[in-house]
Amino acid sequence: MNGPIEAIARELGFDGDPFLEGLVVSIFIVGAFIGSMTCGSLINRLGCRRTLQIDMVPLIVGAFLSAQAHSLDEILLGRFLVGLGIGVNTVLVPIYISEVSPTRYRGSLGALCQIGTCLGIITSLSLGLPSENDPHWWRMMLFFASCPAFIVMLGMQFAVESPRWLCKVGRINDAKRVIGSLWSASDVQNSIEGIQSVIKNDNNQVRQGWLELLKKPHNKVACIGGSLFVLQQFSGINGVLYFSSLTFKDVGITDGALASLLVGITNFAGALFALYLMDKQGRKRLLTGSYLGMACSMFLIVYSIISPIDEGVGHVLSVLGTVTYIFTFAIGAGPVTGLIIPELSSSQTRAEIMSFSFSVHWVCNFLVGLYFLELVKSFGVAPVYAAFGSISLLAAVFAMCFIVETKGLSLEEIELFLKGKGE
């Protein structure tokens, strides 16, 4: 929405009102928060496949409503519905990938979420370019936003259901077929027995929904999940991405389109590296190294701004620091955070823990978007980026102390290990 928001404001009659312009952009996050909070029960009841198909409805309706909007109320409702759908699938997609993936490829397949996000950002930026010359292009652009939802709704009709969910609802033969086709035909029985042993253990406990997150060991995983997203968001990534044009302008790059393109390509390149490294280096090492790289990058930018070096050299160092920050984020802090939380969660509370964690994500996302520019205006770029770097260092320490390596372990092995029953 950063590109066409001015054209939308002019056509719908709220041009020059920064509060209403901000509301049209940020109402999306309100919807996403509610979607994240409420999707856990749908996943447990309907499974990942059907829930994802149902989730496409608000995305399609919201896109069409936004595209044909003739009033502020209509576009706010459309944006809210799109946010609602996004809130559900940000929780659902990592769970689905983690539960259907073979153990040895689970990390790499989980990194596809980050690659998809990068491609989506680049595509949306490209679709927004004609809006600079065509004041009505935003309507066509928002119509295009419904196309991916139609594709997902149709495509999931041919996708498999999570074998873990199938076992949970007693559809053992269906689970065996999925495992045989996606994992290993020779190891079906062992996989089924492992899943069933965990489910049987969970069924011996009285299920209390969200109250489960207050009990051990679920409370620790929920705390880790929420903390990871707090640290991720307050390490500054969305401040850098949302306001990349302004940030690059402060360090010498005045072309907003060039800045956005550089951000998108760098993010995509880092995600490709994550795809390769995730199941080779492990989650803990990638997460720790990613935050250390982000901290060094932020401190490099701070040094380039406050030190009495040549202005040209300072601009080069600032651009290098910003690009390196985005690249190192895309290697670990971006993809690992969404992957490690469902891996650490038990089958009994995976949906609730993911809902809670992503709700924290959207709250922090909103706060960064709301206050980032104000903080920059009040304190300057250097102190704000120094704070981002310090939080990144704290996140690296947190990862070293509290993250358990999950590489090469099935979800059932991880759960038993965390409960003190595994080796």
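Me: Over 145 degrees counts as roughly antiparallel, under 35 as roughly parallel, 65 to 115 as roughly perpendicular, the rest as oblique. The model is predicted: local features need pLDDT of at least 70 and side-chain atom pairs 80 or more, while totals for chains, interfaces and linings use all residues. Numbering starts from 1 along each chain as its sequence is written, and side-chain values use heavy atoms, without hydrogens or water. Are H11 and H16 roughly parallel or roughly antiparallel?

Reply: Helix H11 spans residues 218-234 and helix H16 residues 311-344 (helices are DSSP runs of H or I, at least four residues, numbered from the N terminus). Their axes lie 10 Å apart, at an angle of about 160° (lines fitted to C-alpha atoms over the stretch in contact; angles from 0 to 180 degrees between N-to-C directions). The pair is therefore roughly antiparallel.

Me: How many charged residues are in the contact of H11 with H16?

Reply: On the H11 side, Val221, Leu228 and Phe229 are among those meeting H16 (contact: heavy atoms within 4.5 Å). H16 brings residues including Phe329, Ala333 and Ile341. By class there are nine nonpolar and four polar residues (Ala, Val, Leu, Ile, Met, Phe, Trp, Tyr, Cys and Pro are nonpolar; Asp, Glu, Lys and Arg charged; others, Gly included, polar).

Me: Is Ser290 buried or exposed?

Reply: Ser290 sits in helix H15, residues 283-306. Beyond its neighbours within four places in sequence, Ser290 contacts Thr328, Phe329, Gly332 and Ala333. Its relative accessibility is 2%, and under 20% is buried, over 50% exposed, in between partly exposed (1.4 Å probe, protein chains only). Ser290 is therefore buried.

Technical notes: Helix = DSSP H or I, 4+ residues; strand = E, 2+ residues; numbered from the N terminus.
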